[in-house]
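User: I would like to learn how to read helix packing and charged side-chain pairs in a model such as this one. Could we go through the features in turn, with the general idea before the case at hand?

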Amino acid sequence: MIQTFQQIREWAEARNLIVGSDSFRQLAKLVEETGELAADISRGRQRTKIADSIGDCVVVLTILAAQNGLQIEDCIAQAYDEIKDRRGVMKDGVFVKEEDVQ
């Protein structure tokens, strides 16, 4: 999987998406892709379409990370380190952190 992230960065560099664009524009692209994912899920589309939309979001996040001098792999590892021992409860199908349970 790490090789795939590197391939995404190389693809983005070849198209001047990292240096030639900015984080605001990439964030707008992420919102667009997230909207497409939401539409796919709400319309009950096939798993392959949902997978494609999730992948598009990951590509955009990989580029956004690179624009900010970060690697998506490190961002994911940092997020996992933060949640790995988190406790909480499911409430209406959503995980609620222990400290946020009222």
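Analyst: Let us begin with a single side chain: in this predicted model, glutamate 32 has a relative accessibility of 40% and therefore counts as partly exposed. The category follows from the cut-offs, because buried means under 20% and exposed means over 50%.

User: With which residue does the side chain of glutamate 32 meet in a salt bridge?

Analyst: The general idea is that side chains of opposite charge can pair when their charged atoms come close. Here the partner of glutamate 32 is lysine 29, with an N to O distance of 3.4 Å, and lysine 29 is itself partly exposed at 32% relative accessibility. Both residues belong to helix α2, which spans residues 23-42, and they lie three residues apart, about one turn of the helix.

User: Which other residue forms a salt bridge with lysine 29?

Analyst: Glutamate 33 does so, its closest N and O atoms with lysine 29 being 3.5 Å apart. These two residues are four apart in helix α2, which means that about one helical turn separates them. Glutamate 33 counts as buried, because its relative accessibility is 8% and the cut-off for that category is under 20%. Taken together, Lys29, Glu32 and Glu33 are linked in a network of salt bridges.

User: How many salt bridges does the count come to, and what is the N to O distance between aspartate 22 and arginine 25?

Analyst: The count comes to nine salt bridges. In the one that joins the side chains of aspartate 22 and arginine 25, the N to O distance is 2.6 Å. Aspartate 22 is partly exposed, with 29% relative accessibility, whereas arginine 25 is exposed, with a relative accessible area of 54%.

User: Turning to helix packing, at roughly what angle do the axes of helix α1 and helix α3 cross?

Analyst: A crossing angle is read by the range into which it falls, and angles of 65 to 115 degrees count as roughly perpendicular. The axes of helix α1 (residues 2-14) and helix α3 (residues 47-67) come within 10 Å and cross at roughly 70°, so α1 is roughly perpendicular to α3.

User: Which residues of α1 and α3 meet, and how do they divide into nonpolar, polar and charged?

Analyst: On the α1 side the residues are Phe5, Ile8, Arg9, Trp11 and Ala12, and they meet Val58, Val59, Thr62, Ile63 and Ala66 of α3. The residues of this contact divide into eight nonpolar, one polar and one charged.

Definitions and conventions
Residues are numbered from 1 along each chain as its sequence is written. This is a predicted model: local features need pLDDT of at least 70, side-chain atom pairs count only at pLDDT 80 or more; totals for chains, interfaces and linings use all residues. Side-chain values use heavy atoms; hydrogens and water are left out. Axes are lines fitted to C-alpha atoms, for helices over the stretch in contact, and angles run from 0 to 180 degrees between N-to-C directions. Angles under 35 degrees count as roughly parallel, over 145 as roughly antiparallel, 65 to 115 as roughly perpendicular and the rest as oblique. Contact means heavy atoms within 4.5 Å. Ala, Val, Leu, Ile, Met, Phe, Trp, Tyr, Cys and Pro count as nonpolar, Asp, Glu, Lys and Arg as charged, and the others, Gly among them, as polar. A salt bridge is a side-chain nitrogen of Lys or Arg within 4 Å of a carboxyl oxygen of Asp or Glu. Buried means under 20% relative accessible area, exposed over 50%, partly exposed in between (1.4 Å probe, protein chains only).
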